[in-house]
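Hello,

Here is the structure I said I would pass on. My notes on it follow below.

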Amino acid sequence: MLAIHDSPAGFHPRWIDYCERQGIPYRLVNCHASDIIEQVKGCQALMWHHGHSHPKDVLIARPILSALEHAGIKVFPDFRTAWHFDDKVAQKYLFEALDIPAVFAHVFVDRKQALDWIEQTEFPKVFKLRRGAGSAGVRLVRDRRAARRLVNQSFGRGFPLYDPWASLKDRADKVRIGKLPTRSLITGLARLAYPPRYARILGRERGYVYFQDYIPENDSDTRVIVIGERAFGIRRMVRPGDFRASGSGRILHAREAIDERCVELAFRAADKLGGDCVALDFVFDQADRPLILEASYGFDQKGYERCPGYWDRNVNWHEGTFDAQVWMVVRTLESLE
């Protein structure tokens, strides 16, 4: 018996649909309820696509999933898959500890150390908040003066998780290229006065500062998602006049758009990371070597529905449509055998 969080969002509807079609016993549960442990009793696994912008998920997902895993219940995502989810600081240390080729990052929890480093390093660098997706909270830092200003704010009043003006600009860009309806601008304007709930609940990011080395001359990044023995990917073009690709809405799906060295590295990195599912973002350094920028277990499935096929572990291409959420259910069931 599988337990699946009862939600119309994320991966849940496809998980439920597959269980219905295949006659797989499942039970819908409410992971936000205090009695979730009681609800899961009698089930061998819990599947929950918890998200970074859902405040209830952010507050309670890790404790619940960790408690169940501690008690021997299979969970998706498991600890290795998700302990570093939406945490770029954690990912920096994880990539270094596992010797995974990644763009080098610098993290400081001491203001003086950060200011001293600024005087010795070269610019530009990329400033990022620990949390956030779709390039939110990401800035190009061109010189020491700008870096000092960011350090002082990081150790002062901090940064909100949601930047309404940057979000409105992104919405306008997506409306212009037909990725969002015009009415979404109304939501963007309303967000100027009323930030989304997760930003109000989770508060400001402060007390640390994160800089990542800037890798120039990338007109895109490549995202490869590995689930078990299969991988699929997309290429995301940067915004006009910008260096950021994530969340741009400019997506290439063709097999030829993906450098298969990223697929090979994604499988190797996934083996080191362990877990059930990992999405890895790549850029290429000036020696044309792929390097990982960030990792995540979650993704918006709409961005991948036009993928024309997938690769197996030997980087053989398999043409045709597929359902990555089905792979997640199958992998969870196989782990119970």
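**Salt bridges and helices**

A count of salt bridges in this predicted model comes to 29. In general, side chains of opposite charge can pair when their charged atoms come close.

One of the salt bridges joins Arg-130 and Asp-87, with 3.5 Å between the closest N and O atoms. This pair links distant parts of the chain, 43 residues apart: Arg-130 is in the loop between β6 and β7, and Asp-87 is in the loop between α4 and α5. Arg-130 is partly exposed, at 24% relative accessible area, whereas Asp-87 counts as buried at 15%.

Another salt bridge is formed by Asp-281 and Arg-236, at 3.2 Å from N to O. Asp-281 lies in strand β14 and Arg-236 in strand β12, so the pair ties together parts 45 residues apart in sequence. Both Asp-281 and Arg-236 are buried.

Now the helices. The axes of α6 (residues 111-120) and α7 (residues 144-154) come within 10 Å and cross at roughly 170°. Angles over 145 degrees count as roughly antiparallel, and α6 and α7 are therefore roughly antiparallel to each other. Residues making the contact include Ala-114, Leu-115 and Ile-118 of α6, and Ala-147 and Val-151 of α7. By class, the contact has five nonpolar, two polar and four charged residues.

Helix α11 (residues 260-273) has 14 residues and spans 20 Å from its first C-alpha to its last, close to the expected 20 Å. Its buried residues include Cys-262, Leu-265, Ala-266 and Ala-269. After α11 comes Gly-274, which has a positive phi, near 70°.

Regards

Definitions and conventions
Residues numbered from 1 in each chain as written. Predicted model: local features only at pLDDT ≥ 70, side-chain atom pairs only at ≥ 80, totals over all residues. Heavy atoms only, no water. Axes fitted to C-alpha atoms, helices over the stretch in contact; angles between N-to-C directions. Helix = DSSP H or I, 4+ residues; strand = E, 2+ residues; numbered from the N terminus. Parallel < 35°, antiparallel > 145°, perpendicular 65-115°, else oblique. Contact = heavy atoms within 4.5 Å. Nonpolar A, V, L, I, M, F, W, Y, C, P; charged D, E, K, R; others polar. Expected span 1.5 Å × (residues − 1). Buried < 20%, exposed > 50% of the residue type's maximum accessible area, 1.4 Å probe, protein only. Salt bridge = Lys/Arg side-chain N within 4 Å of Asp/Glu carboxyl O.
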